[in-house]
Amino acid sequence: MASSYGPNLDKVKERATQYLESPVEHQYNAYLKLKKVMTPSYEQFLEHVIKQPNGMKFVIDMRSDLLDTLSEEKSQTLLDLDSSLHEILSNWVSYSFLEMRELTWDSPSSLLEKIIHYERVHPIANFESLKQRLTKPRSLYYFSHPLMPTEPLIFVQVSLQETVPNTMKQIFDNNGGSVAVFYSISSTQKGLRGIELGNFLIKRVVHKLSHESKNIKTFVTLSPIPGFSKWLTSKLHMNVQNGKFYDDSLLTPSEKDVLGRHPESALLELLESNRPEELQKLETMMMRLCVRYLYQEKKRRKALDPVANFHIRNGAQLFRVNWNADPSSRRYKESYGMMVNYKYDLDNIESNNRKYLLDDHITAGQSILDIVNK
């Protein structure tokens, strides 16, 4: 499809020459002819497929396969096909088409099974575990599409708490309150990568909860920090090798004194030895390093951590880092058990979003700033 039904370059060159050489009064017609030959013929085919029964799911899965192929082979024809698929799916999976629904224990069993299968942040062991997440004060909301009514596109899990939680244990132990906590958001369709859904879903849920109960005024997350461990060990390895990437500011003088003669090597050995009880003694140091990673480390001037970038781009505030928030082996591997709260302040979401997109500014809570300014 990519090679046989893409634009005919010879015809494109011919039409482009005609456009450039056309008199002003004929340029628009020449432009339309150029546009037509530049449009891949597979776009019309894909638009037709989407309208067929199960057609959207077919096209989404097709793009998922294409993304797998692109991870190994980045030919221009495949990149062009992916660009077309992304644009077509963006138009069809637009905000106006999305339907937000609440998952309940009475939902179809096939849908319950899919939620168990798709959950990645905090895996669901079985139906009994899922039932706990659907029992008040916890709830689960998802987006569906009219052309895929039995397939969730993305879902978010919410728990009502008395205070902003600092551990995952609180999510399941506490029995309600005025703080709405988004503790897991999962995309289900790899083929929709790069298409904005999470932002819309969170804002729709915030709008729904705030209108259903005037008591719910605080909206936060309890989020993983998936890139912290990889970033820190990578920085330490580079420092130990003492190459051109050496970062003398990674550890403070007092932290180096605590760690001993070869501080970077000592910390790296401790982190890679998987001894949480020993790491506990370095809580202050690890919290500072985590705040640096979330608040100061950038990629193309945006937050390096993907989850941080997602929430901050949505207008959330980097509110608080929590030590030993989730002692599971998965969370320890990602971030040594640390998790972070992002706060959605309804009065400041739009201004926070603008500051981040236009000025690369991350809005942070006082506890974050206190650590930064120490």
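Which residues touch the most other members of the largest nonpolar core? They are Phe228, Leu232, Leu267, Met286 and Leu294, in a core of 82 residues. A nonpolar core is here a set of buried Ala, Val, Leu, Ile, Met, Phe, Trp, Tyr and Cys residues joined through side-chain atoms within 4.5 Å. Buried means under 20% relative accessible area, exposed over 50%, and partly exposed in between (1.4 Å probe, protein chains only). Helix H14 (residues 283-295) gives the most to this core, with nine residues. Apart from the 82-residue core lies another, of 12 residues, including Ile115, Ile116, Ile124 and Phe155. In soluble globular proteins, nonpolar side chains tend to be buried together.

The model is predicted: local features need pLDDT of at least 70, side-chain atom pairs count only at pLDDT 80 or more, and totals for chains, interfaces and linings use all residues. Residues are numbered from 1 along each chain as its sequence is written, and side-chain values use heavy atoms, with hydrogens and water left out.

The chain holds 18 helices and nine strands. These are DSSP runs numbered from the N terminus (helices H or I, at least four residues; strands E, at least two). The C-alpha trace spans about 75 × 60 × 40 Å along its principal axes. Of the 374 residues, 47% are buried. Among contacts (heavy atoms within 4.5 Å) with a separation of 6 or more, 69% join residues 24 or more positions apart.

Setting aside residues up to four places away in sequence, leucine 294 touches Ile225, Ala303, Asp305, Ala308, Leu318, Val321, Val340, Tyr342 and Ile362.

UniProt lists residues 5-92 as "domain: Malonyl-CoA decarboxylase N-terminal" in an unreviewed entry. UniProt positions follow the numbering used here, feature names are shortened, and annotations may be inferred rather than shown by experiment. Over residues 5-92 the chain is 77% helix and 0% strand. The end C-alpha atoms of this stretch are 22 Å apart.

Helices H4 and H5 pack at an angle of about 145 degrees, their axes 10 Å apart. Axes are lines fitted to C-alpha atoms, for helices over the stretch in contact, and angles run from 0 to 180 degrees between N-to-C directions. On the H4 side, the contact includes Met56, Val59, Ile60 and Arg63. On the H5 side, Leu78, Leu79, Leu81 and Asp82 are among the residues involved.

Side chains of opposite charge can pair when their charged atoms come close. A salt bridge is a side-chain nitrogen of Lys or Arg within 4 Å of a carboxyl oxygen of Asp or Glu. By this rule the count is 22. Aspartate 82 lies in H5 (residues 76-92) and arginine 63 in H4 (residues 55-70), so the pair ties together parts 19 residues apart in sequence. Both aspartate 82 and arginine 63 are buried.

A salt bridge also joins aspartate 360 and lysine 302 (2.6 Å, N to O). This pair links distant parts of the chain, 58 residues apart. Aspartate 360 sits in the loop between helix H17 (349-359) and helix H18 (366-372), and lysine 302 in strand S7 (residues 302-303). Lysine 302 counts as buried because its relative accessibility is 18%. Beyond its neighbours within four places in sequence, lysine 302 contacts Glu297, Asn309, Tyr356, Leu357 and Asp360.

Aspartate 326 and arginine 331 form a salt bridge (3.3 Å, N to O), and both residues are buried. A network of salt bridges links Lys235, Asp247, Arg292 and Glu297.
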